[in-house]
Amino acid sequence: MRVALFLTCVNDTLYPDTGKQVLKLLTRLGVEVDFPAAQTCCGQAHYNTGYRHEAEPLARHFSDVFGEFDAIVTPSGSCGAMVRELYPRMGERARAEGRGGELAAALAPVVPKTYELTEFLVDVLGVTDVGAHYPHRVTYHPTCHGLRSLGLGDRPRRLLEAVGGLELLELPGAEECCGFGGTFSVKNPDVSAAMGEDKVRNAVSTGAEVLCAADNSCLMHIGGTMSRLRVGVRPVHIAEILASTERETA
Amino acid sequence: MTIGTGGNAGPTFVGMPAVPTPAFPEAARTAVADPVLRGNLRHATHTIRAKRAAAVAELADWAELREAGRLIKDHTLRHLDTYLVRLEESVTAAGGIVHWAADADEANRIVADLVKATGESEVVKVKSMATQEIGLNEALEAEGIHAYETDLAELIVQLGDDRPSHILVPAIHRNRGEIRDIFRTRMASWGRPAPEDLTDRPAELAEAARLHLREKFLRAKVGVSGANFMVAETGTLVVVESEGNGRMCLTLPETLISVVGIEKIVPTWRDLEVFLQTLPRSSTAERMNPYTSMWTGTTDGDGPRVFHLVLLDNGRTDTLADRVGRQALRCIRCSACLNVCPVYERAGGHAYGSVYPGPIGAILSPQLRGTASEIDASLPYASSLCGACYDVCPVAIDIPEVLVHLRERVVQGGEAVRAGGKVVLRPAKGHAAERAAMRAARLALTHPGALRAGQRLASRTRRFHPRTLPGPGRAWTATRDLPPLPPEPFRDWWQRTNGGKDGAR
């Protein structure tokens, strides 16, 4: 199986460590991962801000770069949802605009083989215990697009529960949006910040040292709020936890 | 009344007091900063949210009911012309009189003329979104006719000279103490005063409202309502409610005038089976609402002797023409999307500048009214696209999909139907810089070399990056720290270390 890492433009630029941790984790599980260097961005920010036509070339580029692989793994629920849920919709819309089925056909190959990281682990590799060790109190925030668009369900939770030394604490209002929402965070900054502060308050109330999520965009917003409020809870991508082993944490 | 918003002509809110309506982000800023309002909304929405979830979880076939509701509504909308004619025939055959109103002004004029023809100067009202939408109360007042709201929450709003902030619970932004104060100071000028020693106990507040309203019910000769459903095959109208005030208004007066949006049709009586299960559980979290009133034309010696049905378009046919946006017309006004929305919870209903607040309002108002005004052009962005609204919608309206579609209309313009005719909308103002940035980003992102050059430049200058950003970036750094930039992007690390195989970290 030829597996490609779609790291996403945000992670590539701001969170390269997440990429290294995904690599480390998958390598440990015996999966050889390629990083096609021509990859850029799935086009989600363009699409969701109303620039569908600008997103189309990005989607085509994605399909060109990743089309040859058997599986495409991404450590982002929202970018995974962009490919899986919205690429087919972009194809439909192009058809409805009288542009034929060409776009739909160009994007179709990558749709079914794009997986969010926890989905890939549980559904494709069939593992929930990835041999990780992370001796910390952790609370988990299910990000919206992973939860509702991809339907990740309890996969991330099952992975976390199997981590050695990890104490998983229930996050109150876990399924409420953190307030990031891409360009929403700057177009409606007051509401976005209020949502973020409530999320942080809930995280603090659990007594956790770490707030974990499977999407760094949301963690950038939550973590930026935590840092500003100086609450002492750290934002951590689930890949970092799953990549950690007893050897390092000892 | 036209409300100016920053020099642009704002939307017409005939049904609203003269309150300026700024774009959503500004209106929301005020609400977010109001701790009492935040507390009221949080308490109310979280309570009903949990109750609804429990009421829905009781039904093993909820997913099937939701799908059936979607299909019935889509089928009806696809053949709306046929069903509207069938409904007119059924209502007429049952002794009702059908009127057609293309817009708010026409509907208001029809109702005002009908009331005047009775010689009466007051009407009692059942809670109705359609009459709020067209601003009927204010239009009647201008003709010397007093309209009395009889739903408890609508009464609170009317007495308080306020605006509704929720579809189902129009006074959700008020707490008990505020309601007591409104009753004490305002009831006397509208009719029977509140008791001197009124406290904020719910039972006392309800009793004060009951006594105040009773004299209106017994005196009124004309009732005005909307309807939750209209059954095409029989001409039956349906109102579901909790308080019994609706039953009073629908049965006591001699004349009943119902103003109903044309999308409220269901083809057959049997179709009600679906919605009479999904609506109460979604809205009030009840298995069955306390009062379900159904009437078919007029009946001698029982209820109103004269029944008028005013069928309201007011932008609905235009909305129906939009392939993506038309699903908003499935809405049965349950409010589940408001109660679950994290943005509504913080911003409150007034920020949406419409009688339809929350997620459904954010897709309905810009379609019914167009996107020309500042508030209407800002509504499609009043969402983080978290999708909680779509999850709870009992007719499966994909609200995030329509929001994104309307964002596209705002920034790109394009074809739409207005007043029955095709128009080409121009992109809204104020998006030129964003459009240029999106285009530049797209160009860079279709060329990996350009992306890499940008990343390297950012990484190498990272020591000089400010902690707070100027211009539009301030919207981020006002409340959130920026993440530190790494020394190199992943792609450089990958290349330098041969995918980590060379052992370097």
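Let me begin with a definition: helices (H or I, at least four residues) and strands (E, at least two) are DSSP runs, numbered from the N terminus. With that convention, Asn314(B) is found in the loop between β12 (306–312) and α13 (316–320) of chain B. This is a predicted model, in which local features need pLDDT of at least 70 and side-chain atom pairs count only at pLDDT 80 or more, while totals for chains, interfaces and linings use all residues. Residues are numbered from 1 along each chain as its sequence is written, and chains are lettered from A and ligands numbered from 1 in the order in which they are written.

To stay with Asn314(B) for a moment, its phi is positive, about 50 degrees, although the residue is not a glycine. Is Asn314(B) buried or exposed? A residue counts as buried if 20 or more other C-beta atoms lie within 10 Å of its own, as exposed if 12 or fewer do, and as partly exposed in between, with C-beta atoms placed from the backbone. Asn314(B) has 22 other C-beta atoms within 10 Å and is therefore buried. Ala285(B) also is not a glycine and has a positive phi, of about 65 degrees. Ala285(B) sits in the loop between α12 (272–283) and β11 (291–296) of chain B, and with 19 other C-beta atoms within 10 Å it is partly exposed.

Chain B contains 23 helices and 14 strands. Its radius of gyration, taken over C-alpha atoms, is 26 Å, close to the 23 Å from the globule rule (2.2 Å times the number of residues to the power 0.38) for 505 residues, so chain B is as compact as a globular protein of that length. The C-alpha trace of chain B spans about 95 × 55 × 50 Å along its principal axes, and 50% of the 505 residues count as buried. Two residues are in contact if their C-beta atoms, placed from the backbone, lie within 7 Å. Of the contacts in chain B between residues at least 6 apart in sequence, 73% join residues at least 24 apart.

Chain A has 14 helices and 8 strands. Its radius of gyration is 18 Å, close to the 18 Å that the globule rule gives for 250 residues, so chain A is as compact as a globular protein of that length. Along the principal axes, the C-alpha atoms of chain A fill a box of roughly 55 × 45 × 30 Å. Buried residues make up 61% of the 250 in chain A.

Next, the interface. How many residues of chain B are in contact with chain A? There are 52, and they meet 53 residues of chain A. Several helices of chain B each supply at least two residues to that side, among them α1 (24–32), α15 (342–347) and α20 (432–445). The greatest contribution comes from α19(B), with 6 residues. By class, this side of chain B has 30 nonpolar, 10 polar and 12 charged residues; here Ala, Val, Leu, Ile, Met, Phe, Trp, Tyr, Cys and Pro count as nonpolar, Asp, Glu, Lys and Arg as charged, and the others, Gly among them, as polar.

Let me now consider the interior. A nonpolar core is a set of buried Ala, Val, Leu, Ile, Met, Phe, Trp, Tyr and Cys residues joined through C-beta atoms within 7 Å. The largest such core has 214 residues, and those with the most contacts inside it are Ile241(A), Leu312(B), Cys337(B) and Ile399(B). Helix α5 (residues 77–96) of chain A gives the most to this core, with 8 residues. Beyond its neighbours within four places in sequence, Cys337(B) is in contact with residues including Gly358(B), Cys389(B) and Ile399(B).

Which helix of chain A is largely enclosed by the rest of the structure? It is α7 (residues 117–124), because 6 of its 8 residues are buried. Those buried residues include Leu117(A), Phe120(A) and Val122(A), and the buried residues of α7(A) pack against elements of chain A including α2 (16–28), β3 (71–74) and α13 (238–243). After α7(A) comes Gly126(A), with a positive phi near 70 degrees.

Thr131(B) is buried, having 31 other C-beta atoms within 10 Å. Thr131(B) and Val260(B) are 129 residues apart in sequence, yet 8.2 Å apart in space, C-alpha to C-alpha.
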